[in-house]
Amino acid sequence: MTRGAGRTVIEGAYVATVDARDTEHPVGHVVIDGCRITSVGEGAAPAQALEQADVRIDGRGHLLTPGLVNTHHHLYQWLTRGVAQDSILFDWLVALYPSWSRIDAGLVGAGAAGALAVLARSGCTTVGDHHYVFPRGSGDLVGAIVEAAANIGVRVHATRGSMDLGASQGGLPPDFAVETTDAALAASQAAVETYHDPSFDSMVRVAVAPCSPFSVTADLLRESALLARDLGVRLHTHGAETVEEEAFCLERFGATPTRYLEGLGWLGDDVWMAHCVHLDHDAIDRFARTGTGVAHCPSSNARLAAGIAPVADLLRAGVPVGLGVDGAASNESGQLGTEIRQAVLLGRLRTGADSLGVRQALRMATMGGARVLGRERELGSIEPGKLADLALWRIDGVEHAGIADPVAALGLAALPPLSRLIVGGRTVVEDGGLTLADERVIATSAARASLELAGRH
């Protein structure tokens, strides 16, 4: 649980609230009391708020947005960047599974810290992570991720992933990288019971997340859905990412990935799926009718040549859509802020220049992501009563000065410098640097862990 430092007042910024009316204040203010927003509006803050302020922040020359919400990542992959650079998904996975099968809690913690540091420095206040490789004797990997997020100061939606369909059973991962179905279910329940906090201002939530149709049995998918709903947590998996996945599902199950997953209880407003690049109109309809969410990962999809997700069609149908970085081994940048621009540009390549605007992309990165993670009441917009998760971007420097639209500075131009990132009223990034953790220590530890993992046989 985050506790803010008394009362904080931000004045003079261009405030993009991302509320239901897309309200924007060209010269606005925000007042934070503790961990929540208490006032938002045009012009100066109320006199009483200024008199009682513990911290006053000059927002002139800045764009203020909600903190960004990352709906899909694999934090441990920070240790295996730059590998299989010219491969499609299936070949890339085959190349990396041997390394991933040698991870342990120490390595995962070091990799997660590096990935989380970069996410925070790119405006991200909430991180959805999908961890699905659990070698025997590797320790508490979910706990290592939760600890790393606490040290950086960001919220984490940690999923307990799993794989139980090895190559000998017709799956993609090697047998040494999978668990038994029963072990995966038991460990998923234990992770939820140990770390999940359902409170309004929770810093840690846990979801159940079998990896994908080509690495998980139908039994594990079906039982995971029942388990998550019994525990009252959300469900996450990869879906319809590549044409190879669709071919696998059609050959093995006689159904598209969406139809197959639906038959196992995997469509619903408590479910979100990563990628969803290859959805036909029938699948989009099913997602919309059930409220199933999508984590759109434009850079990773481009890196692996998976294709461009039908984002405009999904949004038009009312499907909840958020943005994701995806694993750092398929998006070496690791930044969430840059995915706003990527979403705009790739979306237009698919459906035209007027099909996806910068404000739609900002909404995906904030309110859309909050909705996908089931936290739209607490996060995703700048409104009284919501948690004070905010990103303050400098737009008066040489790269952005004079730009006609401050929101376009974030959605079309180079990523603006981050002056401040606030999570629950507490500053976790200031002038582009972490405030709660030492970046040099994190970088050294991550580099050492990457070399150690590469040397394991």
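Lys 386 is found in the loop between helix H13 (358–372) and strand S14 (390–394), where helices (H or I, at least four residues) and strands (E, at least two) are DSSP runs numbered from the N terminus. The model is predicted, so local features need pLDDT of at least 70 and side-chain atom pairs count only at pLDDT 80 or more, while totals for chains, interfaces and linings use all residues. Residues are numbered from 1 along each chain as its sequence is written, and side-chain values use heavy atoms, with hydrogens and water left out.

**Loop residues**

- At 7% relative accessibility, Lys 386 counts as buried; buried means under 20% relative accessible area, exposed over 50%, and partly exposed in between (1.4 Å probe, protein chains only).
- A polar atom of the Lys 386 side chain lies 2.8 Å from the backbone oxygen of Glu 376. A polar contact is a pair of N or O atoms within 3.5 Å; within protein, one must be able to donate a hydrogen and the other to accept it, and residues adjacent in sequence count only if both atoms are side-chain atoms.
- Asp 438 is located in the loop between strand S17 (433–434) and helix H15 (439–455), and its 36% relative accessibility makes it partly exposed.
- A polar atom of the Asp 438 side chain lies 2.9 Å from the backbone nitrogen of Arg 440.
- Asp 438 and Leu 345 are 93 residues apart along the chain, and their C-alpha atoms are separated by 34 Å.
- Ala 305 occupies the loop between helix H10 (298–303) and helix H11 (311–317) and counts as exposed, at 61% relative accessibility.
- Although 217 residues apart in sequence, Ala 305 and Ile 88 are 6.2 Å apart in space, C-alpha to C-alpha.

**Helix H3**

- The 17 residues of helix H3 (residues 105–121) should span 24 Å at 1.5 Å a residue, which agrees with the 24 Å between its end C-alpha atoms; the expected span is 1.5 Å times one less than the number of residues.
- Of the 17 residues of H3, 14 are buried, so the helix is largely enclosed by the rest of the structure.
- The N-terminal end of H3 is capped by Asp 104, with a side-chain oxygen 3.2 Å from the backbone nitrogen of Gly 106.

**Cavities**

- The whole structure contains four cavities of 30 Å³ or more. On a 1 Å grid over the protein atoms alone, a cavity is a set of points where a 1.4 Å probe fits but cannot get out, and lining residues have an atom within 4 Å of a point.
- The largest cavity has a volume of about 110 Å³, a volume being the space filled by probe spheres set on the grid points, which are joined across faces, edges and corners.
- Of the 15 residues lining the largest cavity, Leu 89, Leu 93, Tyr 132, His 238 and Glu 241 are the closest to its centre.
- Helix H2 (residues 89–100) supplies the largest share of this lining, three residues.

**Cysteines and strand S12**

- A search of the whole structure finds zero disulfides, a disulfide being a pair of cysteine sulfur atoms within 2.5 Å.
- The sulfur of Cys 276 is 9.3 Å from the closest cysteine sulfur, in Cys 297, which is too far for a bond.
- Cys 276 is buried, with a relative accessible area of 0%, and Cys 297 is buried, also with 0%.
- Val 294 belongs to strand S12 (residues 293–296) and is buried, with a relative accessible area of 1%.

Key. On a 1 Å grid over the protein atoms alone, a cavity is a set of points where a 1.4 Å probe fits but cannot get out, and a pocket is an open set with protein on both sides within 12 Å along at least five of seven lines; lining residues have an atom within 4 Å of a point.
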